[in-house]
Amino acid sequence: MFPQVDPTSTSSWQALLLHHEKIQKVQMKDLFAKDPSRFNRYSITLEALLFDYSKNKVVDETMTLLLQLFTSCKVDVAIKAMFSGELINKTENRAVLHTALRDFTSDKLIVDGMDILADIRSVQKQMKDFCFRLHSGTWKGFSGKPIRYIVNIGIGGSDLGPVMVTEALKPYTISGMKAFFVSNVDATHLAETCKQINAEETLFIIASKTFTTQETMANAHSARQWLLQQGALEKDIARHFVAVSTHEAGVKAFGIAPENMFVFWDWVGGRYSLWSAIGLSIACTIGYENFEQLLHGAHTADCHFAKSPPEKNIPVIMALLGIWYRNFLGCTSEAILPYDQYMHRFPAYFQQGNMESNGKHASRDGKLVSYATGPVVWGEPGTNGQHAFYQLLHQGTDIVPCDFIAPAQSHNPWGNHHQLLLSNFFAQTEALMLGSAHADSNRVFEGNRPTNSFLLKKITPYSLGMLTALYEHKIFVQGVIWNIFSFDQFGVELGKVLAKNVLKDMEHDEEVTTHDSSTNGLINFWKKMRE
């Protein structure tokens, strides 16, 4: 297990506190004026991806101190521990090996005496064979028609990852296939989906490791009932439902054939699970070959992260800049702004990825931390965001570090649309950095607002996999520096437990008195309104 280090106890943290005072009045535009080579020195390329971090409020001394913090917190040791399969998710006594799901170079990886790579490749072959049957038309529904609609039923990581990827890679959708995702226990989500599909041509994928997740199983049983109402028989359930789960007894009881259960493992965290069998909906939608390219792109990022020196390591630099703004410049949020409509769910995906991983108040030794941890993460695609919340980015009282993401090439090169889009991508980072003076204070733009820019050649399965993995590793590095456990999510559990108790009180007509006065009042008022 990698060592615990309180970051505030390190000399580099203390030096950064002093350095922060020195750099308060530094203007980024002056840094560019003094150093014509700043872009070259503060940018990194990884194959056809460019990461430009030159428009940040940092100088060489800042980066030196941040890199010293990386070393002081033993992040290099933590990286090796994760990739080697140590049980770094200590609160749940699990390894963290989503990287193994996309490892195409190692011969074996032993965890608890088992070669997990052999298991991974077995499930991947199962997924590949299933996709072939689906796309060749040999898998048919109860009326003999091939499958055209994929409905993934999951929640959290079992939903957000597949949604993000299938939306981002919509140009790669297999002809004739259409994907839907149902996550909300609000029946409206399932009902509106069912209006758009034909039961004879629909495959439901139930994504639940335990096959007990309340929201997922409620939706699954309602979908099962709907299918039967549309003319299917009990024996037809096996034609229209498959499961991504480890609970074979529950899967069989539902009516799903055991050979159509796709397993994943406890060392795959939910928000890191799209690379596993949870990605079955992705493979069914864009084809297994493209799903595999997604894995290859992520593996390229893994190799870069594991082997590159920290000063040339994209996730490390991303993480350190985030630490700088969160802990030393007092920024409470950060924005992810993709200039590509297909990427519209990317910010939401890493809202979960970041906030569920690093939204923690206890250090790895169980003590309350004395410093800020995970920021609020949010964002929307450009240029829509420019006509919504960019006002605050430019002139608001809070400084919000922003990541701008854009492809050099569009999947839809109509007229000059893409040039218009990219002109805004380039101009916004420049405007946020430069600002603008004016005699009227309402028209003053202070500038000096930090941005990172990611420029990809094109959004492909490979490049999306690479970009997604870079963000994953950024989150990991920050968690190590903050000395917190990034791979559990106990904050998700309390509301679920209380909801079960409340549900019991909602099932009878008597007045409820067992909660606080507000909760009692709300439940009792609902009972009256229900009548």
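Helix 17 (residues 417–434) contains 18 residues, which at 1.5 Å a residue should span 26 Å, and its end C-alpha atoms lie 26 Å apart, in agreement with that expectation; the expected span is 1.5 Å times one less than the number of residues. Helices (H or I, at least four residues) and strands (E, at least two) are DSSP runs numbered from the N terminus. The structure is a predicted model, in which local features need pLDDT of at least 70, side-chain atom pairs count only at pLDDT 80 or more, and totals for chains, interfaces and linings use all residues. Residues are numbered from 1 along each chain as its sequence is written, and side-chain values use heavy atoms, with hydrogens and water left out.

Within helix 17, the residues H418, L421, L422, F425, Q428, T429, L432 and M433 are buried (under 20% relative accessible area, with a 1.4 Å probe and protein chains only). An α-helix has 3.6 residues a turn, so residues three or four places apart point the same way. The cover over the buried residues of helix 17 includes helix 2 (28–34), helix 16 (390–395), strand 12 and strand 13. After helix 17 comes G435, with a positive phi near 70°.

Six strands form an open sheet in the order 1-2-13-12-10-11, with mixed pairing; two strands pair if DSSP finds at least two bridges between them. Strand 1 (43–46) and strand 11 (376–378) are the edge strands, each pairing on one side only. Strand 2 (residues 49–52) and strand 13 (residues 451–456) run antiparallel and are joined by four bridges. In this pair, L50 stands opposite L455 of strand 13.

Conventions
Buried means under 20% relative accessible area, exposed over 50%, partly exposed in between (1.4 Å probe, protein chains only). Contact means heavy atoms within 4.5 Å.
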